[in-house]
Amino acid sequence: MFGIFRVQSDAVRFDVCGRTSKVQSTPDEKSVSRRLLPVLVQPRLGPAMTLDGILAKLKNSLRFLRVAVARNLARTLNMLGRGAFGSRAIRAARDAPIIGSFVRTLLAFYQPFSTLDAAEIYIRRYFSSGHDHPYHSYIHTRFGEMTRESDYPVLYHLAPIASQLRSVFDLGGSVGNLFYAYDRELHLSPHLRWAINDLPHKKQLALDYARLKGENRIGFTDQFSDASGVDLFIVTGALHYFKDKLAAMLGGLDRLPKIVVVNRSPFSKKGDIVTVHDGGQYAVACMLHDIDTFVQGMINLGYELVARWPVHERRTQVPLFPELSDTYWGFCFRLNSVCMIEGT
Ligand SMILES: C[S@@+](CC[C@H](N)C(=O)[O-])C[C@H]1O[C@@H](n2cnc3c(N)ncnc32)[C@H](O)[C@@H]1O
């Protein structure tokens, strides 16, 4: 009970953007996850030991056990998969019918899925929280206060045109943390409109945070069509939550965005694959889009690939597919027919 209370207490602290300064130290994602992990899966002790109560406790304990087995097995496979011999052994086991299906069962939410929806439904058996977990809002407000290593390539490509940017569409933009990080470095125009698009529960947080920061350039939209013709379309750390290809999403707009930046994104080196992002306290389904199809789709749409960069802060690891192990990636595309400024 104490643990559950502690999560709620932290949630309040994390959730209210303006009060994050009260948090003394910045715990990194993993250490917070580790600290809170037992809390998520701890069986709740009810006051009366009714049959229902005992069954619920049993179910919770089984869930706890399955989560622990899945995580430890995933970790072990990821480690083994780094070596050539281990990688071969994993692929052989995966492709053997009986062993393969046994390992998938043990991997539970770490197994590959056929669709994002199927994965999301399965994952919710083990985790009640996904993108709505308060940790997200907390950490994203903290990210707004810092410039992360993988932001620098974006800053490099935006610097020459920063003063001319008037409209930005930030897909999966959370509380708008990218805006604050980039504005600090690039001194964006006072006439800029930065539209955050995220899940509905983020809207109030993003707007409250902007108010707290005295920022009137930030807005929130739930309409993807608002990305039509923007100067900059940016999606950072979120493309893998969309099942559609970015080229297909952008292709549905009346007018294409001039510059497209994709950053901190996991991809697959071979075909699309649906897996899980395990945040400790929460888990979400994600799709690793085939990287070549992604790039080719953007080129076919009329974009030129200006640059791509590896993002070493994060790593893609799919336990049964060691051959897909890779860094995350970042990309900058420019619409062929458009010049934002001379030479750009
Ligand atoms: C890892 S965060 C990235 C936040 C920010 N862009 C950054 O780089 O720090 C992923 C964001 O994608 C959002 N997201 C997930 N699914 C989404 C959807 N279907 N539509 C809009 N936003 C979504 C989540 O709510 C979350 O804020």
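**Group meeting: a short tour of a predicted model**

Hi everyone, let's start at a sheet: strand β6 (residues 267-268) is joined to strand β8 by two bridges, and the two run parallel. Strands here are DSSP runs of E with at least two residues, helices are runs of H or I with at least four, and both are numbered from the N terminus. Two strands count as paired if DSSP finds at least two bridges between them.

A quick word on what you are looking at. This is a predicted model, so local features need a pLDDT of at least 70 and side-chain atom pairs count only at pLDDT 80 or more, while totals for chains, interfaces and linings use all residues. Residues are numbered from 1 along each chain as its sequence is written, and side-chain values use heavy atoms, with hydrogens and water left out.

Back to the sheet. Its three strands come in the order β6-β8-β7, and it is open, with mixed pairing. β6 and β7 are the edge strands with a single partner each, so one side of each has no neighbour in the sheet. Along it, I273 is bridged to L288 in β8, and V274 to M287. The β7-β8 hairpin has four residues between its strands, and there G280 takes a positive phi near 90°.

How many residues of strand β8 (residues 283-290) are buried? Eight of the eight, so β8 is largely enclosed by the rest of the structure. By buried I mean under 20% relative accessible area; exposed is over 50%, and partly exposed is in between (1.4 Å probe, protein chains only).

In α6 (116-123), the buried residues are L116, A119, Y122 and I123. Down the axis of α6 they fall within an arc of 130°, so they line one face of the helix. That arc is taken from the directions that lead from the helix axis to the C-beta atoms. D117 and I121, on the other side of α6, are exposed. Among the elements that cover the buried residues of α6 are α3, β7 and β8.

Helix α5 (residues 97-107) is next, with G100, V103 and L107 buried. These cover an arc of only 70° around the axis, which puts them on the same side of α5. On the other side of α5 you will find P97, I98 and F102 exposed. And what do the buried residues of α5 pack against? They pack against α3 (51-80) and α4 (84-95), where contact means heavy atoms within 4.5 Å.

A108, in the loop between α5 and α6, has a phi near 45°, which is positive in a residue other than glycine. A108 is buried, at a relative accessible area of 0%. S174 sits in the loop between β1 (167-171) and α9 (177-186), and its phi is near 55°, again a positive value in a non-glycine residue. S174 is buried as well, with a relative accessible area of 2%.

Then there is T147, in the loop between α7 (134-143) and α8 (151-158). Setting aside neighbours within four places in sequence, T147 is in contact with Y152, L155, A181, R184 and E185.

Last stop, the ligand. Which of the 15 residues around the ligand come nearest? They are G172, N177, D198, K202 and T236, and a residue counts as near if one of its heavy atoms lies within 4 Å. A polar side-chain atom of D198 is 2.6 Å from a ligand oxygen. For N177, an N or O atom of the side chain is 2.8 Å from an oxygen atom of the ligand, and for K202 that distance is 2.9 Å. The ligand exposes 600 Å² when taken alone, and the protein buries 88% of that. Those areas come from the Shrake-Rupley method with a 1.4 Å probe, and for residues only the protein chains shown count as cover.

Thanks, everyone!

Note on methods. A polar contact is a pair of N or O atoms within 3.5 Å; within protein, one must be able to donate a hydrogen and the other to accept it, and residues adjacent in sequence count only if both atoms are side-chain atoms.
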